[in-house]
Amino acid sequence: MNIDPAGLESSLRKLTSAEPDTDLVRTLATISRACLALFGVDGCGVMIVDEQNTLREIAASDPDGHALERAELQTQQGPCTDAYIANRLVATTDLRTDPRWPKLATTVYDKPIRAVMGIPIRLGGGPVGTLDVLRHQPHHWTDSERAALQRYGDVIETALAAALAAHSSSDLASQLQYALDSRILLERSIGFLMASHDLDPLDAFNLLRRTARTSRCRIGAVAEELLRTGHLPTETDPPTP
């Protein structure tokens with residue numbers, strides 16, 4: 001895919017200068033559809049974290065984009081999930097032959113989902129979601145494609161920041177605000193679990209998320225409890241002598 005820098009800049013200006021839509025979800029759906037024509041990919045979607053810090057499907061351009069996002073939510077793995085947790089772009093040339101996400105590859109094996117890229121969407125420097133693109137055939141993502149799609153992720157950041165600045169009362173805006181408020185606690189608690197339980201960042205994050213679900217608490221409350229007491233809410237304190 002050859003990306004025309006002038007065309008990209010023109011398209012980005014149009015998107016960022018458009019009159020803001022009061023419906024944030026509709027805005028993200030419009031941005032997802034525009035991504036197809038601009039980059040020539042076969043599918044595109046946006047996921048944003050909820051109050052349990054789990055990525056949730058917000059918008060997708062097509063059925064395959066929906067299928068990819070649903071499969072990542074089901075399996076809790078994939079390039080988009082890793083992009084969010086690691087706060088960096090994650091790509092695969094061919095999902096079917098990539099050994100990193102076997103459950104995801106099996107789940108979407110009957111779908112034309114081959115090359116995938118997850119781009120973190122950030123607010124205040126930290127990730128709150130991902131921009132997800134796919135191709136129906138194996139494809140090596142070039143440096144220019146990676147850079148251009150990262151720029152496109154910045155468009156989504158602009159839309160999200162505008163919604164928060166306007167004090168939107170939508171559920172999505174509330175989710176974003178909670179994610180921002182709890183980010184520092186999450187980062188510190190992930191670091192604590194990595195050191196105390198000998199876990200990598202993904203496993204530490206998943207442990208926090210599982211604990212939040214089983215204890216029916218917000219993930220921010222779980223992180224706060226861990227940092228305050230040194231153990232997760234589902235763990236039991238040793239008996240007092």
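Biologist: Why is Asp-198 called exposed?

Modeller: This is a predicted model, and in it Asp-198 has a relative accessible area of 71%. Exposed means over 50%, so Asp-198 is called exposed.

Biologist: Where does Asp-198 lie?

Modeller: Asp-198 is in the loop between α7 (171-197) and α8.

Biologist: What is said about phi of Asp-198?

Modeller: Phi of Asp-198 is near 55°, which is a positive value in a residue other than glycine. Most residues other than glycine have a negative phi. Gln-76 also has a positive phi, near 60°. Gln-76 is placed in the loop between α3 (63-75) and α4 (79-86).

Biologist: What makes α8 roughly perpendicular to α9?

Modeller: The axes of α8 (residues 201-215) and α9 (residues 219-229) cross at roughly 110° and come within 9 Å. Angles of 65 to 115 degrees count as roughly perpendicular, so α8 is roughly perpendicular to α9.

Biologist: Which residues make the contact?

Modeller: From α8 they are Leu-208, Arg-209, Thr-211, Ala-212 and Ser-215, and from α9 they are Ile-219, Val-222, Ala-223 and Leu-226. By type, 6 of these residues are nonpolar, 2 polar and 1 charged.

Biologist: How many helices and strands does the chain have?

Modeller: There are 9 helices and 5 strands.

Biologist: What share of the residues in the chain is buried?

Modeller: Of the 241 residues, 47% are buried; the cut-off for buried is under 20% relative accessible area. The chain exposes about 11,700 Å², with 52% of that supplied by carbon and sulfur atoms.

How values were computed: Residues numbered from 1 in each chain as written. Predicted model: local features only at pLDDT ≥ 70, side-chain atom pairs only at ≥ 80, totals over all residues. Heavy atoms only, no water. Axes fitted to C-alpha atoms, helices over the stretch in contact; angles between N-to-C directions. Helix = DSSP H or I, 4+ residues; strand = E, 2+ residues; numbered from the N terminus. Parallel < 35°, antiparallel > 145°, perpendicular 65-115°, else oblique. Contact = heavy atoms within 4.5 Å. Nonpolar A, V, L, I, M, F, W, Y, C, P; charged D, E, K, R; others polar. Buried < 20%, exposed > 50% of the residue type's maximum accessible area, 1.4 Å probe, protein only. Areas by Shrake-Rupley, 256 points an atom, 1.4 Å probe, with all protein chains shown as cover.
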